[in-house]
Amino acid sequence: MTHLATEYRPKRQDLRSPDVLDVVVPPDGRQITQLRAITREFVRRSSTASDTHVEDVLLVVTELATNVLRHTGRPGRLVVIDRTDGTEIRVSDSSRHLPRPQPRSLRLTSGRGLVLVQNVSTLVAVTLDPGGGKTISVQVADTGRRATAA
């Protein structure tokens, strides 16, 4: 696991591309299930994605989208990009507060999301956006990617 803060800004992309999912993180927590379903369908379209990889991506999306709702109460933005070696996930929200791992404790009922995200990713980067808010970018490698048929 690597943690890196950077001044990374996404380049303008054709968001109609089949390799990019760009959706609003709704301000209603009941829609997290729908967000997971949309993401699962997008990642599974790549017939080479391993089952473990799909579950890791869904974990990241769930944790980061839940944090958008919990800490801002406002909509956010989810961008998922299919890469040859895995998946990149970007979640933007309106808060400028940087995420922090919480101390380990059996008494805490929350605060473990960032640690979980770091455990399944190869990169976690947080960028403060010029117009306000922040973007968390996460790369999840797919070491179990299945070979495609020739």
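## The nonpolar core

In this predicted model, the largest nonpolar core holds 28 residues. Those that touch the most other members are Leu 35, Val 60, Leu 64, Leu 78, Ile 89 and Val 138. At least two residues of this core come from each of β1 (20–25), α1 (32–44), α2, β2 (76–83), β3 (86–93), α3, β4 and β5. Helix α2 supplies the largest share, nine residues.

## The buried side of α3

Which residues of helix α3 (residues 113–120) are buried? They are Gly 113, Leu 114, Val 117 and Gln 118. These residues lie on the same side of α3, because they cover an arc of only 130 degrees around the axis. An α-helix has 3.6 residues a turn, so residues three or four places apart point the same way.

The cover over the buried residues of α3 includes α2 (51–72), β4 (123–128) and β5 (134–141).

β4 pairs with β5 in the antiparallel sense, over six bridges. Thr 127 has Thr 135 of β5 as its bridge partner.

Between the two strands of this hairpin there are five residues. In the hairpin, Gly 132 takes a positive phi near 110 degrees.

Key: Residues are numbered from 1 along each chain as its sequence is written. This is a predicted model: local features need pLDDT of at least 70, side-chain atom pairs count only at pLDDT 80 or more; totals for chains, interfaces and linings use all residues. Side-chain values use heavy atoms; hydrogens and water are left out. Buried means under 20% relative accessible area, exposed over 50%, partly exposed in between (1.4 Å probe, protein chains only). Helices (H or I, at least four residues) and strands (E, at least two) are DSSP runs, numbered from the N terminus. The arc is that of the directions from the helix axis to the C-beta atoms. Contact means heavy atoms within 4.5 Å. Two strands pair if DSSP finds at least two bridges between them. A nonpolar core is a set of buried Ala, Val, Leu, Ile, Met, Phe, Trp, Tyr and Cys residues joined through side-chain atoms within 4.5 Å.
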